[in-house]
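Dear colleague,

Please find below the structure that I am handing over to you, together with its sequence.

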Amino acid sequence: MDITKKVKVPKSSSFGLGNILGLIFVLIGILLVLNLQNFNLPIDLGNFNIILQYGAAAGSILGGLAMLFKKHESTPEIKTK
């Protein structure tokens with residue numbers, strides 16, 4: 001007797017462009033915070049201060065927009081008496 005069981009394989013999540021941009025903006029934000037705290041970094045980020053500020057601002061705006069327009073999957077509630 002051959003008993004086979006089907007296993008549902010979840011969709012593989014791809015590491016897309018959105019994730020890469022998110023990681024870049026997180027890195028920019030971390031570098032900006034470290035630069036503002038006068039943390040002793042091995043490289044001088046004094047010339048990139050404006051770029052870091054604009055990058056952190058753009059990341060914040062894009063992150064907020066992504067949260068606003070994110071599709072929420074909800075399950076319908078079953079009412080029982």
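I begin with N38, which lies in the loop between α1 and α2; helices (H or I, at least four residues) and strands (E, at least two) are DSSP runs, numbered from the N terminus. N38 is not a glycine, yet it has a positive phi of about 55°. Its position is just after α1. With a relative accessible area of 68%, N38 is exposed. Here, buried means under 20% relative accessible area, exposed over 50%, and partly exposed in between (1.4 Å probe, protein chains only).

Please note that this is a predicted model, in which local features need pLDDT of at least 70 and side-chain atom pairs count only at pLDDT 80 or more, while totals for chains, interfaces and linings use all residues. Residues are numbered from 1 along each chain as its sequence is written, and side-chain values use heavy atoms, with hydrogens and water left out.

As to the overall composition, the protein has 2 helices and 0 strands. Of its 81 residues, 9% are buried. The protein exposes about 8200 Å², and carbon and sulfur atoms supply 64% of that area; accessible areas come from the Shrake-Rupley method with a 1.4 Å probe, and for residues only the protein chains shown count as cover.

Helix α1 comprises 20 residues (residues 17–36), which should span 28 Å at 1.5 Å a residue; its end C-alpha atoms are 29 Å apart, which agrees. The expected span of a helix is 1.5 Å times one less than its number of residues. The buried residues of α1 are I28, L32 and N35. They cover an arc of only 65° around the axis, which puts them on the same side of α1; the arc is that of the directions from the helix axis to the C-beta atoms. An α-helix has 3.6 residues a turn, so residues three or four places apart point the same way. What covers the buried residues of α1 includes α2 (49–68).

Helix α2 has 20 residues and reaches 29 Å from its first C-alpha to its last, close to the 28 Å expected at 1.5 Å a residue. Its buried residues are L52, G55 and G59. These cover an arc of only 60° around the axis, which puts them on the same side of α2. The buried residues of α2 pack against α1, where contact means heavy atoms within 4.5 Å. On the face of α2 turned away from its buried side are the exposed residues I50, Y54, S60, I61 and L68.

V26, found in helix α1, counts as partly exposed at 48% relative accessibility. The C-alpha atoms of V26 and A56 are separated by 7.8 Å, although these residues are 30 residues apart along the chain. I51 lies in helix α2 and is exposed, with a relative accessible area of 54%.

Yours sincerely
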